[in-house]
Amino acid sequence: MPFLVAGLGNPGSSYERSRHNIGFMAVDAIYDCYHFSPWSRKFQALITNGIIGREQVLLIKPQLSMNLSGQTIGEVMRFYKLEPDRLVVIHDELDLPKGNTRIKTGGGTGGHNGIKSIDAHCGKHYCRVRLGIGHPGHKDLVLNHVLGPFSKIDSIWLEPLLAAVANHIDLILKGENSTFMNKMTKRPS
């Protein structure tokens with residue numbers, strides 16, 4: 001039974017390098033790091049399959065708005081008869097400092113509409129890899145911050161973060177979440 005690794009983001013070129021699309025960027029880094037089939041369009045998503053370590057993995061980038069991600073992910077899970085413990089979701093986290101990572105299973109949504117949608121369609125007992133994008137400081141600035149592009153200076157921490165997620169995703173698939181976190185906190189920046 002495969003794992004489903006879903007990166008969250010919004011489709012379309014206008015969102016391509018936005019902070020909200022860091023989940024898509026992480027899945028692209030994983031795709032580039034391992035041997036996967038070419039991307040195909042189905043389930044209202046871009047989807048590919050491959051092997052990481054000894055695990056069969058489906059990578060997915062839902063192509064509905066992020067707020068509807070759960071519809072697509074739920075459809076894929078039902079098609080492949082996957083339980084939530086086979087789902088890993090990678091997404092932006094406004095309340096984590098830039099470049100920080102946290103991993104958890106279940107819990108609240110933290111106001112993240114993509115996570116709310118996944119909870120509604122897939123249940124709550126799945127692994128969440130939360131990638132910090134930092135908070136702009138005031139709630140009135142949040143929307144523009146989240147939907148805005150990363151700056152050139154962000155590449156100092158962004159590229160190493162994405163590479164580390166790709167290089168160590170196998171640890172999550174083996175259930176070694178604490179080892180994954182240890183690798184993430186000790187990565188070069």
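Is Lys 98 buried, partly exposed or exposed? In this predicted model, Lys 98 has a relative accessibility of 41% and therefore counts as partly exposed.

## The Lys 98 salt bridge

Lys 98 pairs with Asp 154 in a salt bridge, with 3.3 Å from N to O. The pair links distant parts of the chain, since Lys 98 lies in the loop between E5 and E6 while Asp 154 lies in the loop between helix H4 (142-147) and H5, 56 residues apart. Asp 154, with a relative accessible area of 2%, is buried.

## Other salt bridges

Seven salt bridges are found when the whole structure is searched. Among them is the one between the side chains of Glu 159 and Arg 17, at 3.7 Å from N to O. This pair, too, links distant parts of the chain: Glu 159 belongs to helix H5, and Arg 17 to the loop between strand E1 (3-7) and helix H1 (22-33), 142 residues apart. Glu 159 counts as partly exposed at 39% relative accessibility, and Arg 17 counts as partly exposed at 41%.

Glu 93 and Arg 130 form a further salt bridge, in which the closest N and O atoms are 3.1 Å apart. Here Glu 93 in strand E5 (residues 87-93) is linked with Arg 130 in strand E7, 37 residues apart, and both Glu 93 and Arg 130 are buried.

## The buried face of helix H6

In helix H6 (residues 177-185), the buried residues are Phe 180, Met 181 and Met 184. Viewed down the axis of H6, these buried residues fall within an arc of 95°, so they line one face of the helix. Their cover includes strand E6 (101-105), strand E7 (127-132) and helix H5 (155-173).

Note on methods. Residues are numbered from 1 along each chain as its sequence is written. This is a predicted model: local features need pLDDT of at least 70, side-chain atom pairs count only at pLDDT 80 or more; totals for chains, interfaces and linings use all residues. Side-chain values use heavy atoms; hydrogens and water are left out. Buried means under 20% relative accessible area, exposed over 50%, partly exposed in between (1.4 Å probe, protein chains only). Helices (H or I, at least four residues) and strands (E, at least two) are DSSP runs, numbered from the N terminus. The arc is that of the directions from the helix axis to the C-beta atoms. Contact means heavy atoms within 4.5 Å. A salt bridge is a side-chain nitrogen of Lys or Arg within 4 Å of a carboxyl oxygen of Asp or Glu.
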